[in-house]
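Student: Could we go through this model together, beginning with the overall fold and then turning to the side chains?

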Amino acid sequence: MNSADDPRDGSGVDAAGVSELQALAVELRRMNGEINRLVHSFAHSQGLHATDVQALGAILDADVPLTPGRLREHLGLTSGAVTACLDRLERAGHIRRARESSDRRVVHLYYESGAKAAARSFFMPLAEAAAGARSTSEPQELEAALRFLGRMNDELARMQVPRR
């Protein structure tokens with residue numbers, strides 16, 4: 001087969017695979033847009049920036065308490081931008097900073113329980129939408145979706161994002 005007859009686009013994916021990837025990209029963008037709509041609405045209702053809500057998610061999802069430095073790396077922001085974000089979140093009652101270790105320079109970030117309840121209430125429609133989609137899916141579909149999304153997030157985390 002010569003290159004003119006090759007149905008792949010140069011990425012090693014054939015025409016059917018390209019179509020699947022395009023459909024997947026459309027659905028991921030749609031979902032991202034809908035989630036961003038909710039995030040921006042929550043941010044506005046709390047007097048926060050959308051980046052502040054990203055920071056809250058990172059603090060909430062962390063296996064161990066984050067430090068401002070680890071949050072900076074996660075969000076890809078400057079130290080000054082992270083400090084301003086944390087100041088807004090602390091003033092709004094969403095987080096607290098604590099110096100707990102023997103090294104008083106180390107600051108850990110905690111999501112305040114009252115703020116968690118407010119966020120949980122606001123994002124309940126998202127949880128209900130997920131429950132609705134799950135209720136019409138077979139268990140193996142959910143397992144496959146979770147595996148795929150985990151791998152997708154791992155790939156995205158490895159991507160180098162240009163600094164502004």
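**Fold, core and salt bridges**

Tutor: To begin with one helix, Glu 27 and Arg 30 are both part of helix α1, 3 residues apart, which is about one turn of the helix. Please note that this is a predicted model.

Student: What do the side chains of Glu 27 and Arg 30 form?

Tutor: They form a salt bridge, with an N to O distance of 3.1 Å. Glu 27 is partly exposed at 42% relative accessibility, while Arg 30 is exposed at 54%.

Student: Which residue does Arg 37 pair with?

Tutor: Arg 37 forms a salt bridge with Glu 34, and their closest N and O atoms are 2.6 Å apart. Both residues lie in helix α1, again 3 residues apart. Arg 37 has a relative accessible area of 52% and is exposed, whereas Glu 34, at 44%, is partly exposed.

Student: Back to the fold. How many helices and strands does the protein chain have?

Tutor: The chain has 7 helices and 2 strands. Along the sequence they follow the pattern α-α-α-α-β-β-α-α-α.

Student: And what share of the residues is buried?

Tutor: Of the 164 residues, 19% count as buried. The accessible surface of the chain is about 11700 Å², and carbon and sulfur atoms contribute 53% of that area.

Student: Which residues have the most contacts inside the largest nonpolar core?

Tutor: That core has 24 residues, and those with the most contacts inside it are Leu 56, Ile 59, Leu 71, Leu 86, Leu 89, Ile 95 and Leu 109. Elements giving two or more residues to the core include α1 (15-46), α4 (79-91) and β2 (108-111). The largest share, 5 residues, comes from α2.

Student: What does Leu 71 touch?

Tutor: Leaving aside residues up to four places away in sequence, Leu 71 touches Ala 55, Ala 58, Ile 59, Leu 66, Val 82, Leu 86 and Leu 109.

Student: Is Asp 52 buried or exposed?

Tutor: Asp 52 is buried, with a relative accessible area of 0%. The cut-off for buried is under 20%.

Student: Which residue is its salt-bridge partner?

Tutor: Asp 52 forms a salt bridge with Arg 88, the closest N and O atoms being 2.8 Å apart. Asp 52 belongs to helix α2 and Arg 88 to helix α4, so this pair ties together parts that are 36 residues apart in sequence.

Conventions
Residues are numbered from 1 along each chain as its sequence is written. This is a predicted model: local features need pLDDT of at least 70, side-chain atom pairs count only at pLDDT 80 or more; totals for chains, interfaces and linings use all residues. Side-chain values use heavy atoms; hydrogens and water are left out. Helices (H or I, at least four residues) and strands (E, at least two) are DSSP runs, numbered from the N terminus. Buried means under 20% relative accessible area, exposed over 50%, partly exposed in between (1.4 Å probe, protein chains only). Accessible areas come from the Shrake-Rupley method with a 1.4 Å probe; for residues, only the protein chains shown count as cover. A nonpolar core is a set of buried Ala, Val, Leu, Ile, Met, Phe, Trp, Tyr and Cys residues joined through side-chain atoms within 4.5 Å. Contact means heavy atoms within 4.5 Å. A salt bridge is a side-chain nitrogen of Lys or Arg within 4 Å of a carboxyl oxygen of Asp or Glu.
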